[in-house]
Amino acid sequence: MSDFTISRRTMLAGSAMLLASTAMPGIGWAQTPRRGGRLVVAADSEPRNLNPAIVASNGVFFISSKIVETLAEASFDGKDGLAPRLALSWEGTADGLSATFKLREGVKWHDGKPFTSADVAFSALQIWKPLQNLGRTVFKDLDAVETPDDLTAVFKFAKPTPFQLIRNALPALSSVVPKHIYETGKIEDNPANNAPVGTGPFKFGEYKAGQYYRLQKNTDYWGKDEPYLDEIIYQVLPDRTSAASALEAEEIHLAAFSAVPLADLDRISKVPGLKVITKGYEGLTYQLVVEINHRRKELADLKVRQAIAHAIDKDFVVKTIFLGYAATATGPVPKNDPQFYTADVPTYAFDVAKANALLDEAGYIRGDDGKRFSLKLLPAPYFNETRQFGDYLRQALAAIGIDAELVNNDSPAHIKAVYTDHAFDLAVGPPVFRGDPAISTTILVQSGIPDGVPFSNQGGYKNADLDALIARASETLDTSARTELYKEFQKQVAADLPLINVAEWSFISVARETVENIANNPRWAVSNWADTYLAN
Amino acid sequence: MSPLRRFLRMPEALAGTAILAVLFAMALAAPLIFPGDPQAIAGPALLPPFQDWSLPLGTDRLGRDVLAELFHGARTSLAVGLAAAAAALAVGAIVGTLAGFAGGLVDDVLMRITDAFQTVPSFLLALAFVSAVGPSLGVVVVAIALGAWTGPARVARAEVLSIRERDFVAGARVIGMHPLEIAFREILPNALPPVLALSSVIVAAAILTEAALSFLGLGDPNRVTWGGMIAEGRAVLRTAPFLSIIPGVALVLTVLGVYLAGEGVIETTAVRRSLS
């Protein structure tokens with residue numbers, strides 16, 4: 001089945017829905033989820049590898065989190081911000097050397113084989129630890145996974161590993177894939193990477209390059225009555241302006257990850273039948289960061305870095321570039337993080353005069369042309385907003401006598417230039433905060449990272465005190481002591497400015513009003529959508 | 001009737017010239033009327049045109065003055081268009097003259113190279129070149145010239161083939177002039193008019209190619225370009241269409257102006273040649 005067929009029944013159902021919606025406007029519905037229906041979603045990228053256990057990134061999760069499940073998912077009201085998925089409970093020992101997971105009973109893989117603790121052990125040891133982009137750091141000391149019975153997995157660590165970190169890593173890093181499919185042959189080349197097999201509410205249907213991905217209902221799903229939807233279609237719409245018109249033309253139900261440009265939201269929120277949703281991304285905070293190459297002698301001077309921080313009008317960035325859909329940043333942990341954030345850090349108010357004074361003090365006097373020195377500025381190409389911030393930063397630097405030359409690259413060239421060749425002075429990057437500073441944040445400032453690791457400290461910054469603090473925090477088992485250390489970490493980063501945090505933002509979804517149960521967890525766009533349904 | 005008066009009698013040629021004159025005036029006056037960086041933030045973001053007379057055409061998403069960007073963009077468009085066309089014409093004329101005058105193996109080799117360049121769509125060639133070398137004004141000029149020199153080369157060769165059989169060339173040979181001197185001092189100047197007739201088309205195409213490259217994000221990001229303005233405006237096409245329309249109209253007028261003026265020149269010179 002390569003094309004979508006419209007049967008008489010779906011036509012009837014569709015027209016009945018239309019009738020109902022016109023006959024009874026504004027009547028609140030008793031929330032009994034309606035079964036069936038096809039949800040059509042805009043997709044702006046087409047990941048080749050759909051295995052979330054190997055590539056833990058939002059682009060992959062967006063599609064495969066519906067197929068392959070994790071041990072636990074983020075939750076607004078669950079204990080420690082988690083809700084059970086494949087694991088029902090989890091517990092760490094006081095010495096930090098072991099963590100026990102009790103698994104859900106009666107779960108089946110999409111091919112009918114039973115899900116057991118052997119699958120968890122295999123995924124953890126063979127994939128998360130050696131192959132996964134994020135698991136490599138979090139699970140680096142994982143030694144063995146014991147499986148005393150089919151429903152218990154005991155993680156054994158060689159060195160004490162804080163259970164808080166493991167817990168915070170569960171939603172993004174713990175995708176479980178079937179051992180019986182991956183145990184033969186090379187894991188990276190397994191065909192299931194392109195047509196994943198999991199335990200999730202939806203099975204992989206088909207993929208037509210440049211057109212769509214189709215997921216279909218898993219009738220054997222463990223969740224009672226779930227999933228409600230029959231199908232999810234990811235319609236590939238690479239052009240950002242087309243998602244808004246596709247929503248208006250009722251071709252799609254949902255555009256997530258800000259597929260509708262921010263500037264269009266005001267207009268589209270007034271279109272009848274559409275709703276703009278800012279919730280559901282709390283666990284996916286992106287940070288707008290100025291990465292600094294400390295090999296440049298001017299930038300190695302703290303005063304110059306402070307001057308740059310003072311030259312950036314963060315309120316302007318939030319108001320004009322993000323149109324208010326963002327928050328100003330104070331340090332390397334975003335304000336919306338419930339566990340680690342502290343506001344008690346040195347801050348840099350927007351003050352051009354002070355910035356100029358700092359640069360004069362540092363000995364970089366303006367030349368006859370009003371310029372102090374020149375820099376190369378590389379804005380990351382991933383988002384409109386990172387590019388626009390690059391344009392803004394060039395102007396902000398001009399105001400303090402620093403002449404920045406913009407260099408635009410495509411994604412592979414940008415990653416190579418910044419993280420491998422170090423051919424930059426300043427770069428604009430959008431790192432992601434993943435619920436715990438040890439997952440993807442400390443790596444941005446810690447020294448000793450080999451060349452070529454993307455989204456890590458490739459600016460040559462080296463601070464022995466900060467490195468020691470990061471090392472101590474990574475071994476501290478007590479949750480509150482560990483949290484305190486990360487608060488100290490934020491202070492030191494904000495004081496020494498290995499990079500400059502400017503703003504934090506999440507995404508916006510636009511959906512038809514008939515789509516229900518959306519944005520009901522902090523990682524909704526990349527969660528399993530088992531309870532999502534299309535109302536009448 | 002003098003060629004000038006004949007030119008002035010053609011309304012489309014006059015219109016083209018007028019547009020070009022305005023354009024050149026804009027490009028030359030840009031640093032005087034809008035001194036300082038045209039990309040500087042001048043006011044509130046997304047101000048519509050004709051609201052605030054200090055910013056008559058409004059502002060873009062960062063609050064930059066659209067009119068200042070338009071004026072400075074004219075400089076980039078014209079500079080790239082003229083430089084690329086000049087480079088293409090120069091290379092084309094030299095290659096064509098050499099091929100036509102030398103004949104034999106040299107002719108074969110040069111013409112096969114020309115064929116090779118002609119088989120690749122010139123825009124793809126420019127795209128590939130810029131993305132490999134990295135965007136800057138000079139690179140963009142070279143990239144456009146790379147795809148545009150083959151036309152002039154073929155025309156020049158055809159002209160040279162007929163001219164080299166003329167008596168004055170034989171005369172030059174007899175008095176012992178160096179072959180290269182004959183080629184470039186005697187033949188090339190006579191072969192040039194039809195080659196130059198191509199220039200308006202090449203300039204127009206070069207301006208469009210530059211705009212297309214900037215639109216795709218392969219222009220020089222440190223300069224204002226009309227293509228870049230259209231690309232930036234595209235993200236807010238539904239809420240602030242003027243950001244794409246204004247530079248788009250400027251681009252259309254420029255290309256039209258270059259083309260009409262060029263046509264006018266060709267018409268007048270063609271009539272003169274046929275009369276003589």
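1. **Contacts in chain A.** Two residues are in contact if their C-beta atoms, placed from the backbone, lie within 7 Å. On that basis, take the contacts in chain A between residues at least 6 apart in sequence: 70% of them join residues at least 24 apart. The model discussed here is predicted. It scores ipTM 0.84 and pTM 0.83.

2. **Overall form of chain A.** Chain A has 16 helices and 22 strands. Its C-alpha atoms fill a box of roughly 75 × 55 × 40 Å along the principal axes. How does its radius of gyration stand against that of a compact globule? The value for chain A is 24 Å, and a compact globule of 536 residues would be near 24 Å, so the two agree. Of the 536 residues of chain A, 48% count as buried.

3. **An annotated domain in chain A.** UniProt, in an unreviewed entry, gives the annotation "domain: Solute-binding protein family" to residues 82–429 of chain A. In the model, this span is 29% helix and 23% strand. The C-alpha atoms at the ends of residues 82–429 lie 29 Å apart.

4. **The nonpolar core.** The largest nonpolar core has 92 residues. Which residues have the most contacts inside it? They are V41(A), A42(A), I232(A), A243(A) and A255(A). Helix α5 of chain A, residues 163–173, supplies the largest share of this core, with seven residues.

5. **A243 of chain A.** Leave aside the neighbours of A243(A) within four places in sequence. A243(A) is then in contact with A42(A), L237(A), A255(A), A259(A) and V260(A). Two of these partners, A42(A) and A255(A), are also listed among the residues with the most contacts inside the core.

6. **Helix α5 of chain A.** Is α5(A) largely enclosed or largely open? Eleven of its eleven residues are buried, so α5(A) is largely enclosed by the rest of the structure. Among the buried residues are F163(A), L165(A), I166(A) and L170(A). The list also includes Q164(A), R167(A) and N168(A).

7. **Where the chains meet.** How many residues of chain A are in contact with chain B? There are 17, and they are in contact with 18 residues of chain B. On the chain A side, four elements each supply at least two residues: α7 (240–248), α8 (262–268), α12 (384–398) and β16 (402–406). Helix α12(A) gives the most, with six residues. By type, the chain A side divides into six nonpolar, six polar and five charged residues.

8. **Overall form of chain B.** Chain B has twelve helices and zero strands. Its C-alpha atoms fill a box of roughly 75 × 50 × 30 Å along the principal axes. Of the 276 residues of chain B, 46% count as buried. Among contacts in chain B between residues at least 6 apart in sequence, 68% join residues at least 24 apart. Confidence in chain B averages a pLDDT of 89, and 97% of the residues score at least 70.

9. Which residues of chain B does UniProt list as "transmembrane region"? The unreviewed entry gives 78–102, 123–149, 195–219 and 240–262. In the model, residues 195–219 of chain B are 80% helix and 0% strand, with end C-alpha atoms 28 Å apart. Residues 240–262 of chain B are 91% helix and 0% strand, with end C-alpha atoms 35 Å apart.

10. **Backbone points to check.** Most residues other than glycine have a negative phi, and most peptide bonds are trans. In chain A, the peptide bond from E226(A) to P227(A) is cis, with omega near -5°. P227(A) is in the loop between β9 (212–217) and β10 (231–236) of chain A.

11. **Positive phi values.** A519(A) has a positive phi, near 60°, and is not a glycine. It is found in the loop between β21 (515–516) and β22 (533–534) of chain A. Because A519(A) has 19 C-beta neighbours inside 10 Å, it counts as partly exposed. F50(B) also has a positive phi, of about 60°, although it is not a glycine. F50(B) is in the loop between α2 (11–33) and α3 (66–102) of chain B. Is F50(B) buried or exposed? With 11 other C-beta atoms within 10 Å, F50(B) is exposed.

Technical notes. Residues are numbered from 1 along each chain as its sequence is written. Chains are lettered from A and ligands numbered from 1 in the order in which they are written. This is a predicted model: local features need pLDDT of at least 70, side-chain atom pairs count only at pLDDT 80 or more; totals for chains, interfaces and linings use all residues. UniProt positions are given in the numbering used here, feature names are shortened, and annotations may be inferred rather than shown by experiment. The radius of gyration is taken over C-alpha atoms; the globule rule is 2.2 Å times the number of residues to the power 0.38. A residue is buried if 20 or more other C-beta atoms lie within 10 Å of its own, exposed if 12 or fewer, and partly exposed in between; C-beta atoms are placed from the backbone. Ala, Val, Leu, Ile, Met, Phe, Trp, Tyr, Cys and Pro count as nonpolar, Asp, Glu, Lys and Arg as charged, and the others, Gly among them, as polar. A nonpolar core is a set of buried Ala, Val, Leu, Ile, Met, Phe, Trp, Tyr and Cys residues joined through C-beta atoms within 7 Å. pLDDT is the predictor's confidence in each residue, from 0 to 100.
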